Amino acid sequence: MKRALLLILLLSLLLAPLAVSVAQDRNVFVYGHPVAFPNLDPSSGNSNENVVMGNVYETLTFYNAPGSDEILSPKLAVSWESSEDSLTWTFNLRDGVTFHDGAAFNAAAVKKALDRTIAIGEGSAWIYWMIDSIEAVDELVVQFNLNTPAPLDLVLSAGYAAWIMSPNAADQDNAWFNDGNAAGTGPYMIASNEPGQRMVLEANPNYWGGWSEGQFDTIVFEIVEDPTVLEQMIRSGDADFTYSLPFDNYGPLADAPGLSVVVTPSFQNLLILLNTVKEPTSSKLVRQALSYSFPYGDVVSSLYAGLGTQARGPIPANMWGHGADLLQYSQDLDKARELLAEAGYPDGGFSVVYTHVASDLDEQQVGELWRASLAEIGVDLEIRGLAWQAQWDLAINDPASAQDAFGFYWWPDYITPNSWLTGMFVSEDEPFFNLSYYSNPAFDDLIAEASSTSGIDRAAAEDLYLQAQTLLLEDAAAIYVVDLPDIHVVRDDVAGYVNNPGYPHVVFFYDLTR
Amino acid sequence: MAILSVQNLHVQFKTPFGAVYALRGIDFELAKGEILGLVGETGCGKSVTGRSILRLLDDNAQVTAGRIAFENSDLLRLPESAMREIRGKRIAMIFQDPATALNPLFTIGQQLADVLRAHAPGAAAARRRQSLDLLASVGLPDPAQTAKVYPHQLSGGQQQRAMIALSLAAKPDVIIADEPTTALDVTIQAQILDLLRRLQRERAISVILITHDLGVVAETCQQVVVLYAGRVVEAGAVAAVFPAPQHPYTQGLLAALPRPGSRGSDLKVIPGNVPSGLERIDGCAFAPRCEHVMNRCRARQPAFTSFSAAHHAACFLHEASVCG
Amino acid sequence: MAFVSFLLRRLGLSVVVFVGVLLLTFIVSRIIPSNPGALYAGARPRPEQVAAIEKKLGLDKPLSEQFHIYVHDLLGGDLGESYHSRRSINADLSIFLPATLELVIAAVLIALVIGIPVGVLAGAYPRGVFDYATRFVAIAGVSVPSFWLALIAQSVFFSQLGWLPLGSRISRDATLFYPIAAQTGFYLIDAAISANWKAWFDALHHLILPALVLSAYPLGVTIRMTQASMLEALSEAYVTAARAAGLPRRVILFKLALKNAIMPALTVVGLSFAYSITGAFLVETIFSWPGVGKYVTEAVLNVDFPVIIAVTLVVTIFYILVNLLVDVIQAFLDPRLRLV
Amino acid sequence: MKGRAVLRIEVGSSAWFLLRDRAALISMTFLILIVLSAVFAPLLTPYASQGMGAPDLAAKFEPPGIEHPFGADGLGRDQVARLMFGARRSLSMGLLVVLIAIVIGAPLGMIAGYIGGWIDEAVMRVTDVFLAFPPLLLAIAIAAALGASYINAVVAIAATWWPWYARLARAQTLSIRERAYIEAARSIGVRDRVIIRRHILPNIMTPIIVQGALDVGTAILVAAGLSFIGLGTQAPFADWGVMISDGRLFFLSGRWWMSTFPGLAIFLTAMAFNFLGDGVRVAADPRLRRMR
């Protein structure tokens with residue numbers, strides 16, 4: 001009886017591997033993706049599904065990877081111009097493009113798509129706040145009328161909410177998209193979708209860009225939450241591309257045969273917002289002391305394995321609006337002690353609550369390292385891991401009883417310093433994402449002016465943004481921890497990969513060959 | 001002519017408190033076609049004797065000496081496989097409480113079929129016919145219906161009849177009936193004993209009837225063996241022993257037996273308790289409770305004294321009288 | 001007749017329990033201090049978006065009315081919509097639930113198929129080496145943390161030996177080149193129905209490791225219970241009677257005693273099934289098994305309480321059903337119970 | 001089968017008892033050592049501050065060696081010290097869960113069993129509801145509601161655990177209630193409270209304590225599971241479940257020591273509790289002692 005069971009077990013162990021390997025006659029690219037795609041609606045999705053959107057749909061303009069000559073390049077729009085006052089923008093559309101469902105791409109389609117996004121008003125749709133109306137002026141000419149000057153070309157290159165879907169698809173509701181349906185103009189189409197497990201894209205044979213030898217005809221997203229599995233997949237060749245592995249594991253991976261680890265700066269950074277309302281962090285001196293207590297060097301070199309860089313102010317280094325000469329705090333415990341003494345806490349003696357997203361080991365370890373430094377100046381750090389939602393609830397309900405330090409990642413919807421500075425630091429009546437509860441009228445004025453200038457004179461705007469940041473850094477409203485790198489692991493036999501931080505973690509498969 | 005003879009049987013139980021002596025040397029013979037009563041108080045070893053014969057003792061029991069001769073072999077030394085051929089087929093057993101001795105989850109018919117299948121390979125239809133015959137022969141009404149029911153659907157008496165049918169299934173030569181009527185009402189007891197007697201006569205079976213009830217022995221048995229604390233104290237033909245018990249213990253037991261016409265106050269009770277099996281007993285085990293106790297009773301074990309060819313007792317009272 | 005009334009009584013009790021669970025989940029969901037409107041709105045919503053969505057979802061209505069709507073939908077078989085993915089929870093569960101059930105059933109089957117004979121033999125030969133070894137294995141089974149065992153198993157069978165895959169339910173090749181036509185959602189069944197044997201073996205190959213890891217606990221429990229009730233059964237008078245009747249050992253052990261011993265073991269199987277679903281939540285995460293556990297773990301990260309509650313309800317219903325089934329099987333096996 | 005044992009010299013049974021005792025004995029010794037190392041951790045390890053969370057980046061990912069016998073974790077903390085300090089939390093979680101469950105469950109079950117009637121029915125239905133609840137899901141809900149923490153994890157597990165003790169206490173109470181001396185006490189008008197305290201409570205405590213001893217191991221396992229998914233002990237402190245979780249991402253890429261040792265600690269401790277519980281159960285039940 002038992003022997004029979006054992007035999008069956010062994011047999012299945014032995015037989016099963018035989019079934020696995022199958023010859024492939026297709027050129028398949030496998031993206032080992034660490035999270036599921038929460039919302040496949042191109043209007044409202046503003047999260048990780050962008051890696052699908054970026055290949056199935058297209059935007060009017062395209063934000064080029066850093067290092068390019070131009071910031072933007074044409075995509076579905078071949079050219080565009082704005083009026084002198086930057087209130088009217090005209091886009092000339094690409095001819096001969098059809099959607100996956102056969103519908104023709106034209107000005108009416110663009111209007112219908114963006115109107116849908118604006119009407120739904122979810123996700124990143126707020127980026128269109130300045131649009132008054134959209135007009136299909138001609139078959140291939142579309143005009144935007146704005147109520148405030150704004151860099152609309154930049155807005156329309158956004159990685160979220162700027163996708164153009166077919167007029168038929170625009171009539172559908174959210175559920176239709178989330179059932180795995182799509183109709184864009186992009187080089188790939190959704191072939192099958194097993195939510196939470198796997199999505200398969202197939203090449204769109206009628207893509208306006210045409211196809212050539214070596215390009216991939218099938219794309220598979222393997223949804224694997226577990227970094228361990230992702231790492232094993234990329235090592236064994238089961239995946240061609242992945243990211244979000246532990247920082248400490250990239251070193252050994254770079255040495256592994258057949259793999260490249262591509263490290264480029266991203267537009268994402270990690271900050272710790274300090275509560276400017278509640279004792280004792282309401283004191284600027286205390287906040288400065290905390291800024292001087294933070295172990296920047298250890299965090300960057302050890303936690304991020306030297307792959308990130310210490311942030312200098314809120315704007316990441318590779319973006320316009322970043323100031324290379326701005327104040328950068330460094331760890332100086334003596335200075336911190338002095339400042340504490342000046343603030344009336346000669347030996348520390350208070351406790352600070354730091355919250356972070358419970359599942360984020362990096363944020364947690366940032367806290368653990370900081371805690372050790374703070375202990376040396378007599379300050380106790382209580383580290384509290386919460387679900388993001390709970391962390392946020394705690395912050396917005398009542399600043400006076402909220403956490404003292406809020407671990408926070410920020411990334412832009414479209415690429416402008418305004419995203420950080422308005423999003424996190426301009427005064428809010430009700431706290432939303434200004435979770436320092438920072439309120440400085442001078443700062444607010446500078447940002448307002450910079451924002452309206454940026455559509456017309458980017459250099460002048462940049463100068464205003466730098467002035468604002470100087471105020472912000474002096475007030476030590478946040479600890480600017482690290483500008484995060486984008487770290488992507490790619491198999492060596494894939495050619496053509498370039499990271500574009502404007503579209504986080506999106507791989508434009510059309511550009512790749514094997 | 002003896003069909004089964006038990007010789008010098010010693011059994012111990014291992015317990016966390018030490019060895020418990022259950023049988024301290026038992027001898028008796030079962031003659032063919034006879035009913036032999038094995039009597040004694042609770043704990044005297046009568047059930048252990050019954051189970052030793054079929055080697056059904058618990059794991060912690062151990063036969064330290066003795067011989068059980070059945071036909072030409074010693075049951076204690078047979079291999080287990082041979083033993084299985086003996087059980088049920090040559091020597092069967094009836095248990096005290098049919099409610100627990102019958103498997104609650106199988107119908108009477110299924111249980112009979114199992115026994116039949118184990119001993120007589122044959123067609124299912126033949127087995128079924130045999131089952132019904134057996135159920136009829138033990139006096140169960142409507143055998144076909146009875147075969148279909150579960151034990152809990154029968155009355156106590158019916159259950160015991162079914163149990164007897166099970167024991168008869170493989171046509172054994174010897175039946176060991178371990179307190180077959182103890183769990184039953186008095187009126188049912190009589191019916192079951194009648195049934196046993198009838199079957200014994202009709203089928204020429206030899207029976208060892210284990211009981212604490214001398215009345216049952218008087219009515220049913222030809223031979224009687226009285227056990228006390230793991231030893232035989234008196235044995236013989238019922239006709240010889242009952243009128244003239246020789247051992248004080250047997251006398252005590254018989255005196256405690258209600259007789260027709262006797263009043264409650266006439267009944268004698270033996271004072272004291274059966275000794276614990278943990279003790280070594282050098283002398284007569286009954287000595288502490290015996291009204292005739294003498295010094296030597298405590299020092300040494302009395303030998304058997306024969307009063308007739310069919311009557312023996314182990315007591316110094318008689319040893320003295322015989323030897324002078 | 002008695003059997004029917006027995007069934008009705010058990011069903012009635014189950015309904016009472018279910019209503020209790022419903023109330024409890026509602027209470028729990030109401031004390032979660034979250035902001036579901038914001039959740040629904042996406043990664044970084046604007047305040048006005050949140051307000052609009054709260055209205056759309058009916059979150060601005062009084063609690064009693066929300067409860068009324070919730071129960072009404074639920075009785076109509078609608079578990080609601082995930083705030084995070086916006087997908088219908090019914091649709092999601094129709095994918096994830098079979099995956100979990102396939103895993104859990106496989107684990108419990110392994111536990112039963114191995115555990116019962118081993119337990120029977122260990123009970124039949126007490127105090128021997130086998131008994132001792134079995135006891136050790138059983139205790140090890142209930143003592144090993146499943147999530148740790150999963151890691152060790154991956155390390156041995158994937159990293160060292162390379163025999164079994166690291167995780168997931170089926171290989172990519174199978175999805176691409178010989179996909180399983182979905183019918184029941186149980187891959188092994190679906191593949192067998194369509195005679196897609198390549199995919200069948202592929203699915204089996206993926207199932208082995210997680211199922212074995214998950215079976216450790218129910219296996220330990222099954223062995224312990226079977227062994228204990230076997231010891232108990234073997235000390236019963238009817239077993240002595242069966243031996244006295246000269247029945248073969250095989251019949252006594254595997255027919256007579258086992259049928260009696262299986263009853264308490266069955267009760268425990270019901271419980272260990274429930275425990276295994278919970279265990280599956282941890283094991284699924286490690287084996288990237290796209291089941292309810294992974295689904296609900298993600299929901300926890302997003303405080304997606306419609307999902308958490310739906311999963312709780314569904315798992316509870318399964319627990320109740322399994323226990324009902326166990327009761328029915330017991331009543332079927334034991335004629336005495338039908339009278340109660 | 002049993003019959004074969006007849007003439008064999010029975011060494012098996014005494015050897016078994018010895019062996020059986022030995023398993024419980026070894027388990028007890030092991031547990032005492034673990035408890036001692038947890039209690040006296042600050043004296044036993046040179047890395048006490050690391051045990052409580054202080055990093056030492058110089059020793060980051062140090063493999064097992066002379067300095068760090070079980071290696072060091074991603075923040076360079078000595079794993080031996082972490083295990084010792086982690087034992088405080090893991091063990092106390094298991095014990096607390098069982099204790100709370102007994103304190104809630106036993107009186108409820110006792111009252112239900114003693115009074116009977118609709119109170120009994122109500123209590124039993126409530127236990128049914130809580131039993132139907134998967135512990136992990138309730139813990140998840142509680143963690144979502146109250147936040148993840150050591151004590152919330154304990155509360156969550158205890159909430160699904162007490163019904164077992166309620167049922168056990170009820171069953172025991174029912175059987176004791178029928179005994180003659182209770183009937184007698186009631187008939188002469190002894191107050192219920194006195195009967196419960198004098199007669200019932202002492203009699204039901206033995207089985208409950210035995211069950212408790214058996215349950216501690218399982219409770220430690222469940223608690224470790226919660227900590228593993230981040231719903232238990234919070235950084236910078238660690239229990240064994242947290243330690244497995246911390247090492248998990250590095251387990252297959254060569255840094256095996258971080259998850260292996262805490263896993264072994266849970267495994268062995270749970271086993272020790274089970275062996276000990278078995279031993280206690282057998283010792284407390286002469287019937288079992290005979291059977292085994």
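# A walk through a predicted four-chain model

The axes of helix H4 (residues 79–115) of chain D and helix H5 (residues 117–132) of chain D come within 7 Å and cross at roughly 145°, and H4(D) passes H5(D) in a left-handed crossing. On the side of H4(D) the contact is made by D:Leu108, D:Ile111, D:Ala112, D:Gly113 and D:Ile115, while H5(D) contributes D:Gly117, D:Ile119, D:Asp120, D:Val123 and D:Met124.

Chain D also holds the residues that stand out in the largest nonpolar core, which has 447 residues and in which D:Val97, D:Ala139 and D:Ile157 touch the most other members. The element that gives the most to this core is helix H10 (residues 197–234) of chain C, with 22 residues. Setting aside residues up to four places away in sequence, D:Ile157 touches D:Val97, D:Pro135, D:Ala139, D:Ala219, D:Val222 and D:Ala223.

Chain C, to which that helix belongs, has a secondary structure of 14 helices and 0 strands. Its C-alpha trace spans about 85 × 55 × 40 Å along its principal axes, and buried residues make up 56% of its 340 residues. Among the contacts in chain C between residues at least 6 apart in sequence, 72% join residues at least 24 apart. As for how the chains meet, there are 5 pairs of chains in contact, of which chains A and C share the most contacts. Chain A and chain B, by contrast, do not touch, and their nearest C-alpha atoms are 22 Å apart.

In chain A the account turns to strands. Here 4 strands form an open sheet in the order S4-S5-S7-S6, with antiparallel pairing. Strand S4 (77–82) and strand S6 (131–138) of chain A stand at the edges with a single partner strand each, so one side of each is left without a neighbour in the sheet. Neighbouring strands of this sheet are turned by 20° against each other on average, direction ignored. Within the sheet, strand S5 (residues 88–93) of chain A and strand S7 (residues 141–146) of chain A pair in the antiparallel sense over 5 bridges, and A:Phe91 has A:Val142 in S7(A) as its bridge partner. Helix H3 (residues 107–120) of chain A packs on the sheet, where it touches S5, S6 and S7 of chain A, and its direction makes about 165° with that of S6(A).

Another strand of chain A, S10 (residues 218–223), has 5 of its 6 residues buried, so it is largely enclosed by the rest of the structure. Strand S1 (residues 28–33) of chain A is joined to S10(A) by 6 bridges and runs parallel to it, with A:Phe29 partnered by A:Ile219. Strand S9 (residues 198–203) of chain A is joined to S10(A) by 5 bridges in the antiparallel sense, and there A:Val200 has A:Val220 as its bridge partner.

Chain B has an open sheet of 8 strands in the order S6-S7-S8-S3-S9-S10-S12-S11, and its pairing is mixed. At the edges stand strand S6 (91–94) and strand S11 (304–308) of chain B, each with a single partner strand, so one side of each is left without a neighbour in the sheet. Helix H7 (residues 156–168) of chain B lies across S6 and S7 of chain B, running at about 170° to S6(B).

A last stop in chain B is B:Ala299, found in helix H12 (residues 295–299) of chain B. B:Ala299 is exposed, with 12 other C-beta atoms within 10 Å. B:Ala299 and B:Cys284 are 15 residues apart in sequence and 7.9 Å apart in space, C-alpha to C-alpha, and B:Ala299 touches B:Asp282 and B:Gly283 when residues up to four places away in sequence are not counted.

Methods
Residues numbered from 1 in each chain as written. Chains lettered and ligands numbered in written order. Predicted model: local features only at pLDDT ≥ 70, side-chain atom pairs only at ≥ 80, totals over all residues. Contact = placed C-beta atoms within 7 Å. Helix = DSSP H or I, 4+ residues; strand = E, 2+ residues; numbered from the N terminus. Buried ≥ 20, exposed ≤ 12 C-beta atoms within 10 Å, placed from the backbone. Pairing = 2+ DSSP bridges. Axes fitted to C-alpha atoms, helices over the stretch in contact; angles between N-to-C directions. Core = buried A, V, L, I, M, F, W, Y, C linked by C-beta atoms within 7 Å. Left-handed = near helix turned anticlockwise from the far one by under 90°.
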